[in-house]
Amino acid sequence: MSTGARTYPPAHEPLISGDKTLKQITEDVCAPIERRPTWLWWVGFLASFCALVLGIAAVSYQVATGIGTWGLNRTVGWAFDITNFVFWIGIGHAGTLISAILFLFRQKWRTSINRSAEAMTIFAVMCAGVFPLIHMGRPWLAYWVLPYPNYRGPLWVNFRSPLLWDVFAISTYFTISAVFWFLGLVPDLATLRDRATTKIRKFLFGLFSLGWDGSNRTWMRYETVYLLLAGLATPLVLSVHTIVSFDFATSVIPGWHTTIFPPYFVAGAIFSGFGMVLTLMLVTRKVLRFEDYITIGHIEAMCKIIIATGSIVGLAYGTEFFMAWYSANEYERFVFFNRALGPFAWAYWTMVLCNVITPQLLWFKKIRTNPGIVFVLSLVVNVGMWFERFVIIVTSLHRDYLPSSWADYSPTLVEVSTLVGSFGLFFTCFFLFARFLPMIAMGEIKGVVGYTERTTNVHE
Amino acid sequence: MPGNDRKSLEERDGDPDFLRGPEDEFPEVPATEGGRTGFSRRSFLKAAGFATAGALMGCKPAPLKKAIPYLIPAEEITPGRAYWYASMCGACPAGCGILIKNRDGRPIKLEGNPAHPLARGGLCVVGQAAVLGLYDSQRLKAPVSGGKESSWPAVDEAIRGRLKKIRASRGKVRFLTGTITSPTARRMISSFMASFADGKQVVYDALSASAILDAHEASHGARVLPRYLFDRADCIVSFDADFLGTWISPVEYTAGYTAKRALPALSHHTQIESRLSLTGSNADKRIRVGPSDIGLVLAHLARRLAEDAGSPLSFRTLPPLPIDTGALNEMIERLLSNRGKSLVVSGLNDVDAQRLVNLVNHILGNYGTTLDVKRPSYQKQGNDRDLYALLDDMESGEVAGIFLHGVNPVYDLPDGTRFAAAMKKVGLVVGFAERSDETASLAHHICPEHHFLESWSDAEPVAGILTITQPAIRPLGGTRSLMESISAWMGTPKADYDLLREAWRSSVFTRQTLERSYQAFWDKTVHDGYAMVGATPVGTHPFSSSVMKGVPGPRPAEWTLVLYAKIGLLDGRHAHNPWLQELPDPISKITWDNYVNVSPATAARFGISDGDVLRIAAGSVAVELPAHVQPGQHDAVASIALGYGRKGTDRFANVGPQWLEGRPTVPEGGLVGKNAAPFRGFDGRSIQDWKPGVTVTRTGRRYDLASAQTYHSLSVPERMRGANPEPRPIVQEATLDAFLKNPAAGATRGEDPASLWPEDHKYTGARWGMAIDLSACTGCGACVVACQAENNVPVVGKDEVRRRREMHWIRIDRYYAERGNGDVGVVFQPVMCHQCGNAPCETVCPVLATVHSSEGLNQQVYNRCVGTRYCANNCPYKVRRFNWFDYPHEDKLQNMVLNPDVTIRSRGIMEKCTFCVQRIQEAKAEARRQGRTLMDGDVQPACMQSCPAKAIAFGNANDPESTVSKRKRDPRWYRVLAELNVDPSVGYLRVIRNREEG
């Protein structure tokens, strides 16, 4: 490692630009935590917090009064609730992919973004986890989905129900992600502890850094655990959204009952997740002046993943359409006609425009390397992916087998406020994270920064 | 310690307590009191014991709810068991026999009496909902005098005093009633009226059949309504008579009609009408004409038949036939080939038209077979001319006293305000209404009558068939029956039970010869619910076709307004019943409102869409109502339902759940719907329900109608039909010809025999199944209200229905099929939980709140449901109902109608049809108690029991002799969405219509 020779592999640009020394990295990353928050942070945080309060009010009203405060009816039993759930879970997948899969693939460029991405995953899963709770008619009995021993039989849960698989999948996902993220944070928290100037900071960072002493033995154990957790988290990227897609795929409703959902949903999840990562990172790098760490190269790499997964999603749309026609099943065929030409055609075409057409712009390097355009495209991707879940859920339900049950759906204020509130929760958590925790994994990024003579001196 | 470098702080400082430690390593047992630990084991146990005792002492026992046991239990009453009493439904004058289900001393359900010769076990929507009317908290509980609550002695004194004055001045007294079929009551009224110098009973029906009676007076010399025997008619031609829905006695007629629809000998039914009625939607052939042309077609028919019979009529020339001549020829041919077995009826309230009907029936030889005037019906006795003569008398101040029973003329007459003004000129106005309605509120005294479930009475709806009405509960308020009131004012107050017994002993018992003892006869009648007695044939003279006038020719008009009655509200008498208000109208599926129906062609022409508020005006009368596009309606007709805009219906403003974006059921300051009665007319002889030459204008406003079904075709929308040209095979139809050639005609695809599911659930005991004959189902909706009554289904209010959240467990889907020329085919399909063998709902519930029983039922466990709604999403039939809110159950009196055998569901819980599992369990327990096996017909779910057409069959599919199994073997049997392999337990028999292909 410390040969002093330049060890850039050929054809690679430096992962971190600006010839940073290790000390500079520490300073850059810890700076936002150690200075007073800027007015930009306050604006963002307060806006998110207001949204969160609105959401809490809406949810409280809904839990106290009934699911009737939403726009659902006996034909459309799920709409915003499960759309939001799948949306948020999908977003989380990018973080895990960056943290775990890219780690196993030894993609060293992940180190600039993996901390934030993993934090995004945690917050997204938290937002997602709210919805299965509140979408229940009797959420105070939500614990009945847990298989706990009891004297009523014993009465177990229905292991054949996809909703139950969700319970296991989401809780596993949250647990693993949280543990992975936290353990990854420990060395950086130790750095902050060592640099702490106030008593509270010293205490808290000290507590959470678990007595990290930076010794060789500790680092070795850390790396081993990290590898193991990465290995555990990797299958989650594929399995969690597969399970979520089973919520629909195992039903009998045309438009839901299709085996393409697992790969389609996983691809879509990664697609939307990277969209959100880009949204967050493009703002972060500008505001916190992290351009040297989250370089255009990183942005380009993420755009390539977006276009790959976006193309898979587009292919899946085409496959669904083809199979509906090929099946000659009148109900299946009608679902797709109805999506494109029926009352929710506006949502369908928004989805196609945002998910299939606009990401094709990323084929062009000029666009891929322009942070402004990529930012707009990342927002478009997320809008499109929200609409994809909305279209899948609502258009399949609202006109299914018996025409007498065909009904319309429109959201109520409470539902929209709940969606806004979930964004509020997400961004509140993210702003707090940006304020108090290191957004870039210092420990990891120091391992991949360019190897020049200067960098061998750690204490500079 | 030596040899150990590490010292604790205490050791370093020489803390005495610490230094003592090593010597006291094993403290002796018991621990010293208040020692180092400060709290010994013994102290702990003492404290715990005292604490527990103290806690228990402080606990109060569970609060004792007032439970007063019978000191001497009633002999035949076992709490928790239902007791059944035979009686008669009083919700309309048709007089269907019922059985009242009594629990703990109060009626909770009405069912048709299967032994009753008229209704034969069926009961219509109005009858099923009548039990709720008993528990109406707005019913008057005491007599009202001058707007203030009074007492019976005070009111009686006032009335008697007034009557004395009237007798002294020999003033006119009138008793204005609706049709009263009770011979005892009629006798009492007539003797009461006879005690005055000029006293008379005037009868009028809001839904008038006065013209039929007048026509028979002219043609047969007796002013009677014939008894129509549809079960003897192989060919029925109806000129705007909604005999399956709202005309005279729909349950009786449906039962008869269905009896003749048994394949392969299907009767033929032609309907000529201007708007789509329930009867028209079931007809084999439906001819759509303008309202004034109905009579014209009838006139042409009569003229042709008369010519044919050799005694042509003396009409002036008739206007040309407004329909295809071929259609008329076909009709004539069919009628002639069914002489004596045909029936021509008309709902037109026009004496000339009805005389033509009589002529046609006479020529066809139907009198004596399908029509009986010798043993007539008494179900309509109104005389519109007498009513208007009374109105004239009242206006000229000649009437000194008037009694109003069972009528609401201020509301349902076209000149209701005229009647209200005339009432002021009458010295004594006494009403008997159960609430201070439009008319009764203007009376001097209201003497509220018992509800029919609280009173003793009798009825002779049809000559020779007598029924006794017996009470199933003591009167809830301080009401008094009509007969008791009259007897009080006649000076000889008697209980209605005694009056009835006396009357029966003298007048009814003598008409029969089967029973020797009067008491035995009485007991048998009360037990059975009916008695067949002799009836003196009505004296008629041979048919006289003297001076028959032609019907008035068509009056060309851009718009003609037609007024009609809805099956739930009829003339508005049940507007205070929330079950009936929330019942989706069988044709339009709209709830809680009336509206203006316009045909699709007219709507397209004028750019009217559903919900556009239109203003209908004729002279000084105008009303603004939302439009509804009604397929099958004549293009020049706008139709509005009667029975709405009743006073006091603003009570339903907040009948649904109250929340942020919820809208009230009744608009601000308004009522449920608008009263269309001012548009009715009187042509000098009878009340007319249609008005030509109205103006229809758009107001530009919009009003959301609450409809339970918003898509009405089995075919997908036009522009999406590319890959789906065929209608969905949900309701399968075939013509009679095709059926006779191939009994499985109309089948779209066979059931898939192969299944991946292993046969690991064998139903060794019973397997409950249902088979619904779609040819028999008329779409009346009786099953819907019966289910609501039996299973405590909540009322949700208009806004919730508009949001498609109505709670009915069974619904009747109605689909239109365009036939060109504005003609439309209609099919009905009752849909409830199909209790699938491979239920898609069962696999997806995370908490196992829906499971399968060993008898094939899909069980919904209310207590376990957390409300994720995946089961409802996964149900392909969309039969599951979710409790979106806590629906109000604040009205304690109304809660008395709840069935104690069925749980009330709270918010957040899914519910659905259970095949009336409480009835299944009850029947099984009863069979076990009697030591026998369950037989077919022991278990009758509420829907099946109530159907007047016996369309629903329920039973054990494992029993090859059960009706269900027999229907399963019928080639017409099919299941909806069977190809999904959900194995539904409900099957349907295809609709067979007696019409040509196409």
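Let me start with the nonpolar surface patch on chain A, which in this predicted model covers about 470 Å² and is made by A:W39, A:L40, A:V43, A:V283 and A:V287. If you look at where those residues sit, you will find that two helices of chain A, α2, running over 39-65, and α8, running over 261-287, each supply at least two residues of the patch. Of the contributors, α2 of chain A gives the most, with 3 residues.

Let me now turn to chain B, which is divided into domain 1 (82-134), domain 2 (144-207 + 382-507), domain 3 (227-375), domain 4 (560-707) and domain 5 (716-993). I would like to stay with domain 1 and domain 3 of chain B, whose centres, taken over C-alpha atoms, are separated by 31 Å. To their contact, domain 1 of chain B contributes 8 residues and domain 3 of chain B likewise contributes 8 residues. Between them, these two domains of chain B bury about 620 Å², and 63% of that area is on carbon and sulfur atoms.

Which residues of domain 1 of chain B lose the most area to domain 3 of chain B? They are B:A94, B:L118 and B:R120, and together they account for 65% of what the domain 1 side buries. B:R120 comes up again when we look at charged pairs: the count between domain 1 and domain 3 of chain B is 1 salt bridge, and the side chain of B:R120 meets that of B:D231 in a salt bridge, with an N to O distance of 3.2 Å.

Finally, let me come to the interface between the two chains, where the contact takes 63 residues from chain B and 66 residues from chain A. Chain B and chain A bury about 5,400 Å² between them, with 56% of that area on carbon and sulfur atoms. How many salt bridges are counted between chain B and chain A? The count is 3 salt bridges, and, to give a pair you can find in the model, the side chains of A:D81 and B:R869 meet in a salt bridge at 2.8 Å, again taken from N to O.

Key. Residues numbered from 1 in each chain as written. Chains lettered and ligands numbered in written order. Predicted model: local features only at pLDDT ≥ 70, side-chain atom pairs only at ≥ 80, totals over all residues. Heavy atoms only, no water. Patch = residues over 30% accessible without salt bridge, like charges linked within 9 Å, V, L, I, M, F, W, Y side chains within 5 Å. Areas by Shrake-Rupley, 256 points an atom, 1.4 Å probe, with all protein chains shown as cover. Salt bridge = Lys/Arg side-chain N within 4 Å of Asp/Glu carboxyl O. Helix = DSSP H or I, 4+ residues; strand = E, 2+ residues; numbered from the N terminus. Domains from an automatic or database assignment. Contact = heavy atoms within 4.5 Å. Buried area = accessible area lost by both parts, 1.4 Å probe.
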